[in-house]
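Please look over the sequence and the model before reading on.

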Amino acid sequence: MALLEGQTGVVFGVANKRSIAWAIAQALAREGMRLAFTYQGDRLKESVEALTTAHMPGSLLLPCDVTNDAEIDAVFQRIGEEYGKLDALLHSVAFAPKDDLENDFIQTSRDGFKLSHDISAYSLVALTRAALPLFEKANGGSVLALTYYGAQKAVEGYNVMGVAKASLEASVRYLAANLGPRNVRVNAISAGPVNTLAARGIKGFTGMLKHHAERAPLRRNVELEEVANAGLFLLSPMSSGITGEVMFVDCGYNIVGL
Ligand code: NAP
């Protein structure tokens, strides 16, 4: 029997076939999990619909801008009606305004700071809270967020996104501590750089890929499938004793000093 047979999950953050969320979703579906997907606005609906129709027909597709509480409520209402419970939630969403990424960090605008924290960090709290009643129907749940090394060290060009990721990582720990007694686990993967739509918004991203590949102990960049397999592990009962962790999947880049 597949590892996740009978389980249900919701995936936030598929933009296209290169998205980390799509890679993790494929690993979850391979193991038998039924999935719901959300998309932000009609612009992305077509792309997500094309992927799910081709690879996971019958998946639920729901609109959700994570800054919109009414849309968040509607997503979980619909999942409740359709699945009756929820076992897993994947948060693979981040945004920062272009200017705030490109300018010197000292120039970060108040609005850019607020928006990047709202979308990239607060949304984890809002989504997890909305999922709680459905996790309870499943006697527990597992939540996974995606983060990057720039949360812990100052990485050139990552700027306000690094500060938002630091908030995301702290939110993972506070949510894990708060929800552990309800058997809800919350973890994050800190992925090495992967060439996606969001990544291309980071100035000097190609140089970053090259630098990581040269310095990482495995002397290469991480593959999407490797992030997906780690995501499968953290969202499945295989990791039942792990919560509040930020797990690096970066070919070891983070452990190197000089
Ligand atoms: P991606 O394919 O561009 O995914 C980012 C997703 O976030 C997109 O689907 C995007 O939708 C969505 N999003 C942005 N604002 C949103 C909002 N208000 N409401 C709902 N969704 C919204 O890029 P990715 O690299 O796979 O990113 C996924 C996660 O991995 C992010 O948290 C990212 O920071 C993290 N991560 C990426 C890397 C990397 O090198 N790629 C490394 C470490 C961590 P729109 O396209 O409509 O904005």
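The mean positions of the 24 positive and 27 negative charges of the protein lie 4 Å apart, where Lys and Arg count as positive, Asp and Glu as negative, and His and the chain ends are not counted. The place of each charge is taken as NZ of Lys, CZ of Arg, CG of Asp or CD of Glu.

The model is predicted, with local features needing pLDDT of at least 70 and side-chain atom pairs counting only at pLDDT 80 or more, while totals for chains, interfaces and linings use all residues. Residues are numbered from 1 along each chain as its sequence is written, and side-chain values use heavy atoms, with hydrogens and water left out.

**Overall fold**

The protein has 8 helices and 7 strands, which are DSSP runs numbered from the N terminus (helices H or I, at least four residues; strands E, at least two). Its radius of gyration, 17 Å, is close to the 18 Å that the globule rule gives for 258 residues, so the protein is as compact as a globular protein of that length; the radius is taken over C-alpha atoms, and the rule is 2.2 Å times the number of residues to the power 0.38. Of the 258 residues, 52% count as buried (under 20% relative accessible area, with exposed over 50% and partly exposed in between, for a 1.4 Å probe and protein chains only). Among contacts with a separation of 6 or more, 76% come from residues 24 or more positions apart, a contact being heavy atoms within 4.5 Å.

**Aromatic rings**

The structure holds 5 aromatic pairs, in which rings of Phe, Tyr and Trp (its six-membered ring) have centres within 6.5 Å, with planes under 30 degrees apart counted as stacked, over 60 as edge-to-face and the rest as tilted. Two of these pairs are set out below.

| Pair | Type | Centre to centre | Angle between planes |
|---|---|---|---|
| Trp22 and Phe37 | tilted | 5.9 Å | 45° |
| Tyr148 and Tyr158 | edge-to-face | 4.9 Å | 65° |

Trp22 in helix α1 (residues 20–30) and Phe37 in strand β2 (residues 34–39) are 15 residues apart, and their pair links distant parts of the chain; both Trp22 and Phe37 are buried. Tyr148 and Tyr158 each lie in the loop between β5 (141–147) and α6 (159–179), so their pair ties together parts that are 10 residues apart in sequence. Tyr148 is buried, with a relative accessible area of 7%, and Tyr158 is buried as well, at 8%. Elsewhere, Tyr149, Phe248 and Tyr253 form one aromatic cluster.
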